[in-house]
Amino acid sequence: MITHEEIESLIRTALPDASVETRDRTGTRDHYNIRVRSRGFSGKPLLDQHRIIYDALGGALKDGRLHAIELKTEAKEL
Amino acid sequence: MKEELSGQIADEIREHRILVYGKGTKQAPRCGFTLETVQFFDDLGYPFEVLDVLANQDKRDALSEMTNWPTLPKVFINGKFYGDTDILAPMLESGELQRILDEAFAASPSK
């Protein structure tokens, strides 16, 4: 299990300006829809945008706190 | 062992225009995201293959390393890695995916 605040703080270590929205899909706090907006995405292909988030959440995904995520990323305008 | 796996993966990717490495099979997906991916390509109407790697940890590790992508499913089109439906759905909306599929299936026929 992981909280919205923990997810947000993990993502912000990689992207300090990120706006992070989460939705607990199952009520079990380990399956989330995550939507991230950041200037750090601008000019990057979607695949690389998602890699940044998977890297940031890597520990939580590996140790099972986070089981599955559905991810949406979007570049914030400068 | 590792080289063997990379060779096997390279062959599989070459053999199928659209290839999904997932959990479970096309007929019996064993993960919600694999099911979603099967439905996504069913809707698109192009032939695709799903290879079950759920129980094969070595191959999952090799795939993750090769793609720099930690999760399943993993989708390859025309030999190129495209992530999962979180990537493909926006690409479908923008029309980019259709261009890639047109190109993939315009080339010499394959399964």
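In strand E4 of chain B, B:Lys80 lies opposite B:Ile77. Strands and helices here are DSSP runs numbered from the N terminus, a helix (H or I) having at least four residues and a strand (E) at least two. Two strands count as paired if DSSP finds at least two bridges between them.

The model is predicted: local features need pLDDT of at least 70, and side-chain atom pairs count only at pLDDT 80 or more, while totals for chains, interfaces and linings use all residues. Residues are numbered from 1 along each chain as its sequence is written, and chains are lettered from A and ligands numbered from 1 in the order in which they are written.

The pair B:Ile77 and B:Lys80 belongs to the sheet of chain B. Strand E3 (residues 74–77) of chain B and E4(B) are joined by two bridges in the antiparallel sense. E3(B) and E4(B) make a hairpin with two residues between them. In the turn, B:Asn78 has a positive phi of about 50°. E3(B) is also joined by four bridges to strand E1 (residues 18–22) of chain B, and E1(B) and E3(B) run antiparallel. Here B:Leu19 has B:Phe76 of E3(B) as its bridge partner.

Which way do the residues of E3(B) point? B:Lys74 and B:Phe76 point one way, B:Val75 and B:Ile77 point the other way, and all are buried. A residue is buried if 20 or more other C-beta atoms lie within 10 Å of its own, exposed if 12 or fewer, and partly exposed in between, with C-beta atoms placed from the backbone.

The whole sheet of chain B is open and has four strands in the order E2-E1-E3-E4, with mixed pairing. Strand E2 (49–52) and strand E4 (80–81) of chain B are at the edges with a single partner strand each, so one side of each has no neighbour in the sheet.

Chain B also has a helix pair. Helix H1 (residues 2–15) and helix H3 (residues 57–67) of chain B pack at an angle of about 70°, and their axes are 10 Å apart. That makes H1(B) roughly perpendicular to H3(B). Axes are lines fitted to C-alpha atoms, for helices over the stretch in contact, and angles run from 0 to 180 degrees between N-to-C directions. Angles under 35 degrees count as roughly parallel, over 145 as roughly antiparallel, 65 to 115 as roughly perpendicular and the rest as oblique. B:Lys2, B:Leu5, B:Ser6 and B:Ile9 of H1(B) meet B:Asp58, B:Lys59, B:Ala62, B:Leu63 and B:Met66 of H3(B). Contact means that the C-beta atoms of two residues, placed from the backbone, lie within 7 Å.

E1(A) and strand E2 (residues 31–38) of chain A run antiparallel and are joined by six bridges. A:Ser19 stands opposite A:Arg37 of E2(A).

The axes of helix H1 (residues 4–14) and helix H2 (residues 46–56) of chain A come within 8 Å and cross at roughly 120°. That makes H1(A) oblique to H2(A). A:Leu10, A:Ile11, A:Thr13 and A:Ala14 of H1(A) meet A:Ile52, A:Ile53, A:Asp55 and A:Ala56 of H2(A).

Leaving out residues up to four places away in sequence, A:Ala14 touches A:Ile52, A:Asp55 and A:Ala56. A:Ala14 and A:Ala56 are 42 residues apart in sequence, and their C-alpha atoms are 6.2 Å apart in space.

Finally, the two chains touch. Nine residues of chain B are in contact with 11 residues of chain A. Helix H4 (residues 85–94) of chain B gives the most to the side of chain B that touches chain A, with three residues.
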